[in-house]
Structures are given as structure tokens and as C-alpha cells.
Amino acid sequence: MIGVTNFPVLTALWALPVLGALAIIALPASQRGLAKYAGLAVSTAVLVLAVELAIRFNPGGERYQFVEKHSWIKYFGTGYILGLDGIALVLVVLTAGLVPLLMIAGWNDGDDRLRQYGRGPHAYVALTLLVEGMVLLSLAALDVLLFYVFFEAMLIPMYFLIGAFGGTDRSGTDVAGRAAPRAAVKFLLYNLFGGLVMLAAVVGLYVVTSNSKAFEDGTFDFRLISDAISNGTFVIQPSVANALFLGFMFAFAVKAPLWPLHRWLPDAAVQATPASAVLMMAVMDKVGTFGMLRYCLPLFPHASDYF
């Protein structure tokens, strides 16, 4: 069985596209072709790692495999904890498999912004890789706070992919009087609001664990919390569990998105480039569906059944 691995393969999985994005954005502006080929090479290398994980994954083994655990913020009971179960593995392979195809499909998407942004192809490829890296880290995270941080952080590169490289019918005006891409702003505001509601629920979950005798201190460790709930040593009062469930579910419903919280999607999907729209809907938005399965069901089983 594969439990804790010596080589941090999951760290490599998400760090590779992030480091690749930084390297690509540092390339000279004249190296447009090199930026594109480098992005395709990096995303292909990520796919190779994902396939290796799928081959090595033991369906009859431990629930979470390739586990990595390091201290992050001890005072808050949070750590850098990564691991894959079957659901996460499927989405990791989906993400890693789609991004190289989207790199090819959007091969010329950054070219028309070259004069305006100076490094159009570089920025386009780098932003795509950043979204991939943050999605992969979110899927592998086994710490609730770590998941939340990157659940929100992935909005930033996606915002620029929609606003900077999307269609021309995106004009709007922000409070400073500068032109702003309306579809991108709408996408960002909807998802940030959902994230703020989830943040309140994340903090509430920590407070509940800190007041429970099932844990020495408050914790964000998803494995500890879910195991304590499943074996009955940690029980959340129904009213509190319902409120926390709704906080998590609201954010996931916005990102998925579910009706009636889907109003940001039509504009964003239409105004983004086709490749960016697929990246948003087939990769990033699936983190919302994943969150419903990963967090809402195990952490709040009775609330899930109730609602």
C-alpha cells in the first residue's frame, strides 16, 4: 500500500505548472513561440506525473495515498497536508489531461493582445498554468484552510484570462473611471462573495473543533475531523452543523455553479476565449462539485441528509 511517500510527488504536481508559469513570464518578449512550446511542455510533464499517480494508486489500499504532511501554522492547527483519494485522482487526471489540449486549442489566443500587453502569449500561457497548479493543489489538499486559500487564489489568474484575453464586448467602468472587463469583474465578485461566506464556515469549524474534547486543540486537518465524525467521537450540534454546511455549500454552489447562483457564468463563458471557457467550466468549476463531495458529505453528514 502507498501511504506516506518519500518523494513529494503531489508537491511536484502543482509546483511544476506554477514554476513553469514564472519561468515563461520571464522569457524575453520576442520569444513568443518559445513561450507557447514551453507551456505545452510543462503541461505535458504534469500529465505524465498524473498518469504515474493513476498507475501507482492502489484502489484497495489506504484511503488517502501519496500523503505529504508538514507543519504550516502550528498556532492555528493548520498544516501543509496533501493526499489523493479516488475522487481527487479522477479530477487530477481530468485536469492534467485537458490543459495540454487547451494549450494547443488556444495556441494563438494571446497573440492579438501582444501590442497592448507587450507579452501577450507569455501572460496567456503563464495564467493558464497558474490556474492548473492551483486547481491541482486544491484537489490534493487535506487541510481545510489550505484548500480554502487556493480555492480562492485560483480566481485571480482566471479573472485575467477572461478580462485580458476574452472578447471585445466586455467594457464597463470601475469606481476609478478606468475601463474594466465587465464579465471578469462579475465572475470575480460572485465567487469572492461565496468565498467570504465559506471563510466564516471554515473559521466556525475550527472553533467547534477547539471546543471539543475529541481534539487536543483546534484543527483544520480534514482527516482527523472526518474520522472523528465517522466514529462518533466528534459530534457537531445539529443547528451548528446546518449553518456550517450552508456556508461551505454556498461557496461550492457559486463555483459549480448551481441555480440561482449561476448568473456570472453566461457572461464569463461567452466573453472568454473558447480554451479559457473550457478551462473555467471543465477544470476550475469542478472544484466546486468536488468540494460538495469531499467536504459537505463527510463533515456534515446529517446536515447533508437534512437538506
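Me: What makes the charged end of K255 count as sitting over the ring of F151?

Reply: In this predicted model, the charged end of K255 is placed 3.7 Å from the centre of the F151 ring, and a charge sits over a ring if NZ of Lys is within 6 Å of the ring centre and within 35 degrees of the ring normal. F151 also belongs to a cluster, linked by ring pairs, that includes Y64, F147 and F248.

Me: Why is the pair of F215 and F234 called edge-to-face?

Reply: The structure holds 20 aromatic pairs, and one of them joins F215 and F234, with 5.1 Å centre to centre and 75 degrees between the planes. Rings pair if their centres lie within 6.5 Å, and planes over 60 degrees apart count as edge-to-face, so the name follows from both values. The two residues are 19 apart, with F215 in the loop between α8 and α9 and F234 in the loop between α9 and α10.

Me: How do you know whether F215 is buried or exposed?

Reply: F215 has a relative accessibility of 12%, and because buried means under 20%, F215 is buried.

Me: Why is the pair of F245 and F307 called stacked?

Reply: The ring centres of F245 and F307 are 5.2 Å apart and their planes lie at 5 degrees; since planes under 30 degrees apart count as stacked, the pair is given that name. F245 lies in helix α10 and F307 in the segment after α14, so the pair ties together parts that are 62 residues apart in sequence.

Me: What makes F307 partly exposed?

Reply: The relative accessible area of F307 is 49%, and the class in between runs from the buried limit of 20% to the exposed limit of 50%, so F307 is partly exposed. F245, by contrast, is buried at 7%.

Me: Why does D85 count as buried, and where is it found?

Reply: D85 is found in the loop between β2 and α3, and its relative accessibility of 7% is under 20%, so D85 counts as buried. Leaving aside neighbours within four places in sequence, D85 is in contact with F57, R63, Y64 and R294. A polar atom of the D85 side chain also lies 3.0 Å from the backbone nitrogen of A88.

Me: How do you know that β1 and β2 pair?

Reply: Two strands pair if DSSP finds at least two bridges between them, and six bridges join β1 to β2, which run antiparallel. Among the bridge partners are S71 and, in β2, G79.

Notes:
Residues numbered from 1 in each chain as written. Predicted model: local features only at pLDDT ≥ 70, side-chain atom pairs only at ≥ 80, totals over all residues. Heavy atoms only, no water. Helix = DSSP H or I, 4+ residues; strand = E, 2+ residues; numbered from the N terminus. Phe/Tyr/Trp six-rings, centres within 6.5 Å; stacked < 30°, edge-to-face > 60°. Buried < 20%, exposed > 50% of the residue type's maximum accessible area, 1.4 Å probe, protein only. Polar contact = N/O pair within 3.5 Å; in protein donor to acceptor, adjacent residues only side chain to side chain. Contact = heavy atoms within 4.5 Å.
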